[in-house]
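Have the coordinates open and follow along.

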Amino acid sequence: MKHLLLGDEAIAQGAIDAGLSGVYAYPGTPSTEITEYIQLSEKKQTRGIFCRWATNEKTAMEGALGMSYMGKRALVCMKHVGMNVCADAFMNAAITGVNGGLVVLAADDPSMHSSQNEQDSRFYAKFAMIPCLEPSNQQEAYDMMHYAFDLSESLRTPILMRVTTRMAHSRAVVETMDAPREQNMLAAPENTNHFILLPAFARKNYAELVEAQADFVQTSEESLYNTYTKGSNPEKAILTTGIAYNYLMEVKGENGKVKSESVLKIAQYPLPKALIDQMVADGAKEILVMEEGQPVVEEIIRGMVPSTVAVKGRLTGDLPRMGELTPDSVRKALVGDIVLNSGFQMPEIVVGRPPALCQGCGHRDMYAALNEVAREHENAKIFGDIGCYTLGALSPFHAIHACVEMGASITMAKGAADAGQFPAFAVIGDSTFTHSGMTGLLDCVNSNANVVVLISDNLTTGMTGGQDSAGTGRLEAICCGLGVAPEHVRVVVPLPKNMEEIKQVLREEVAYNGTSVVIARRECIQTLKRHLKAKK
Amino acid sequence: MKRDIILAGVGGQGILSIATVIGDAALNEGLYLKQAEVHGMSQRGGDVQSNLRLSSDPIYSDLIPLQGADIIISLEPMEALRYLPYLKPEGWIVTSSKPFVNIPNYPDIEDILAHVKAVKNHVLVDVEELAKQAGAPAQAANMVLLGAAIPMLDIDYDKIIAGVQRIFSRKGEAVVASNVAAIEAGYKAK
């Protein structure tokens with residue numbers, strides 16, 4: 001069957017068709033649509049695939065490992081920075097190995113379209129010493145899910161699949177199987193010692209993992225996804241990874257000059273040493289490395305080829321050091337800049353149009369009140385967090401003074417208060433709070449830190465499109481349970497008509513010398529619109 | 001056959017629906033297709049674009065190179081100009097004439113329109129007005145724009161209409177009819 005699918009959707013359908021039993025994920029651009037697709041698929045036709053959102057990437061990774069432990073196939077999905085959150089579980093899953101197939105999907109965001117950095121998840125695969133797959137197109141992404149689960153089960157290791165924004169969020173026609181493979185039966189591991197990482201057991205596991213490296217390399221060398229084509233001018237060679245291959249082919253198609261180089265197309269790691277050796281044996285004197293993200297391969301390959309071979313790429317300036325590749329940057333590296341003769345330029349009068357909080361959004365009213373109260377103090381500091389409300393940094397609010405990573409608002413406000421800052425505010429969304437803010441709030445409680453934590457509760461995970469939020473309906477109970485004094489857990493409704501009340505509540509909590517929480521609760525207007533429409 | 005199209009607008013205006021209809025018609029024609037979309041933060045009222053590539057031969061890159069686009073279809077006139085470096089020398093701009101002002105420093109609309117008109121091959125359409133005249137709701141303004149772009153797509157009018165019928169049939173005959181009316185209004189607008 002042929003379908004027009006986003007890369008993310010191809011991955012999701014691929015996983016379903018490979019006999020998936022559970023997907024574990026926290027929403028994050030550009031990975032969100034994978035889990036959403038599986039949730040929608042479950043609504044249409046129940047296969048009993050577990051697909052409820054996890055509280056964060058670490059709980060997701062651990063849940064998936066548990067499902068794998070019981071012999072079933074599990075998928076974990078996240079954006080690249082989610083890998084940092086689940087790193088402990090991820091790294092140690094490489095030491096335990098797997099029972100049922102376990103695939104970890106990391107969606108990287110070079111050019112930071114919707115992210116705070118452009119870290120490259122391939123480093124994590126290398127760090128954990130496990131195989132990594134990087135599809136070059138949507139069809140390959142679909143096919144590779146099946147391959148990934150098989151590989152995971154045959155090598156007894158988690159597999160990291162890495163995609164980037166252009167792959168995740170681009171549609172193409174994908175040919176799928178007619179019916180999904182059966183899910184695995186429930187079957188606990190025969191040797192549970194493998195999953196008990198006492199040092200004595202872990203050393204044995206780690207030795208096995210080290211020994212398996214040669215197998216992983218051989219698997220890469222034999223993989224259908226890694227192909228080497230000797231060119232008529234083999235002194236020049238091009239190594240592409242993932243979707244970089246598409247830009248090479250695009251430039252080749254438009255330009256007859258590029259056809260003589262040898263091409264090594266890589267979509268599976270560890271690097272296939274034999275293919276690289278062959279490229280050198282065929283006379284490669286210069287290798288241009290095209291890869292999306294950080295110069296991972298460009299660095300590694302320098303240690304794999306003789307020093308007489310020139311390795312070029314992002315580190316040498318042949319390709320841009322940062323940002324995603326484009327057909328234009330690849331063309332420039334291959335044949336030089338295009339001659340622009342259309343005369344079309346962007347007129348100078350065209351101005352930027354930054355994203356903004358929606359009209360009518362509760363975060364707006366929350367910031368309006370907070371800004372007024374903050375201005376009553378000479379030196380208030382507001383620590384922000386990750387979500388739509390990060391846009392409070394921009395015009396017209398210019399409200400927040402920091403935004404680093406999930407949950408940092410609370411703990412940075414605490415650290416600032418510890419250092420002597422007064423008043424110290426944290427602004428965090430409901431979903432981000434349950435993702436990574438709760439433990440920080442416990443730190444605040446334990447030292448009675450003088451902070452005001454504003455939870456801007458829109459009852460959803462808004463920025464990624466309105467997914468369920470883990471603590472909806474229970475935020476007061478969670479805060480009280482963590483030890484915040486109940487009289488300092490306040491709830492307000494962020495609406496213009498309540499402005500005076502909200503400001504008064506904030507003033508009272510600033511005046512309290514200790515940890516307080518103010519929950520500003522009003523449904524996200526995007527999800528509200530959807531809910532009203534559904535009711536009609 | 002090969003058409004590289006940049007769809008532009010402001011987050012929330014509905015450029016992806018235009019892409020969906022063209023995509024459906026192209027698929028039915030057996031064409032290859034790639035469509036890079038923007039999700040995430042920019043959807044909150046920021047500038048958004050989508051690269052839609054159609055071809056009778058396999059397509060590799062998800063992105064259109066500089067000076068590679070045959071058409072810029074934009075729901076907002078300033079947004080059409082943002083992607084001019086991607087337009088081929090003989091390429092077309094098909095854009096709504098009505099500014100979407102959600103920033104304090106939006107330029108003089110007359111200057112914007114003058115820059116659009118400076119491109120030889122341009123079509124300016126008051127999509128909201130035409131939607132209203134066609135008896136279609138304001139949300140169908142994007143279908144008016146699609147109608148105006150059909151002559152440059154190299155896909156027959158009837159095949160686009162068939163795509164609309166397939167896509168909107170789930171929502172009932174009235175929705176199909178108003179979208180078809182909107183497309184027709186745009187198609188005849190020239």
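A polar contact here is a pair of N or O atoms within 3.5 Å; within protein, one must be able to donate a hydrogen and the other to accept it, and residues adjacent in sequence count only if both atoms are side-chain atoms. By that rule, a polar contact of 3.3 Å links the side chains of Glu76(B) and Arg353(A). Before going on, some housekeeping: this is a predicted model, so local features need pLDDT of at least 70 and side-chain atom pairs count only at pLDDT 80 or more, while totals for chains, interfaces and linings use all residues. Residues are numbered from 1 along each chain as its sequence is written, chains are lettered from A and ligands numbered from 1 in the order in which they are written, and side-chain values use heavy atoms, with hydrogens and water left out.

Stay with Glu76(B) for a moment. Glu76(B) lies in the loop between β4 (69-74) and α2 of chain B, where helices (H or I, at least four residues) and strands (E, at least two) are DSSP runs, numbered from the N terminus. Is Glu76(B) buried or exposed? Its relative accessibility is 0%, so Glu76(B) counts as buried; buried means under 20% relative accessible area, exposed over 50%, and partly exposed in between (1.4 Å probe, protein chains only). Leaving aside residues up to four places away in sequence, Glu76(B) touches Arg353(A) and several residues of its own chain, including Val10(B), Gln13(B), Phe100(B) and Tyr106(B). Touching, or contact, means heavy atoms within 4.5 Å.

Now zoom out to the whole interface. The contact takes 45 residues from chain B and 47 residues from chain A. Together the two chains bury about 4100 Å², 60% of it on carbon and sulfur atoms; buried area is the accessible area (1.4 Å probe) that two parts lose on being put together, summed over both. The count of residue pairs in polar contact between chain B and chain A is 17, with both residues at pLDDT 80 or more. On the chain B side, the elements that give two or more residues to the contact with chain A are β2 (32-36), β3 (47-55), α2 (77-82), β5 (87-96) and α3 (109-117).

How many salt bridges cross this interface? The rule finds four between chain B and chain A, a salt bridge being a side-chain nitrogen of Lys or Arg within 4 Å of a carboxyl oxygen of Asp or Glu. Arg353(A) turns up again here: Arg353(A) forms a salt bridge with Glu79(B), with the closest N and O atoms 2.7 Å apart.

Over all chains, the search finds 42 salt bridges. Take Arg122(A) and Glu134(A), whose side chains meet at 3.9 Å, N to O. Arg122(A) sits in helix α6 (residues 122-128) and Glu134(A) in the loop between β5 (132-133) and α7 (138-155) of chain A, so this pair ties together parts that are twelve residues apart in sequence. Both Arg122(A) and Glu134(A) are buried.

The next pair, Glu292(A) and Arg314(A), forms a salt bridge at 3.7 Å, N to O. Glu292(A) is in the loop between β12 (286-290) and α12 (296-302), and Arg314(A) is in the loop between β13 (310-312) and α13 (327-335) of chain A, so the parts tied together are 22 residues apart in sequence. Glu292(A) counts as buried at 1% relative accessibility, and Arg314(A) counts as buried at 2%.

Then there's Arg521(A) with Glu476(A), a salt bridge at 2.9 Å, N to O. Here strand β18 (residues 516-521) holds Arg521(A) and helix α17 (residues 475-482) holds Glu476(A), so the pair ties together parts of chain A that are 45 residues apart in sequence. Glu476(A) counts as partly exposed, at 27% relative accessibility. Elsewhere, shared partners join Asp108(A), Asp120(A), Arg122(A), Glu134(A), Arg162(A) and Glu291(A) into one salt-bridge network.

Last stop, the backbone. A cis peptide bond joins Tyr269(A) and Pro270(A), with omega about 5 degrees, and the bond from Ser395(A) to Pro396(A) is cis, with omega near 5 degrees. Arg156(A), a residue other than glycine, has a positive phi near 60 degrees; Arg156(A) lies in the loop between α7 and β6 (159-164) of chain A and is partly exposed, with a relative accessible area of 40%.
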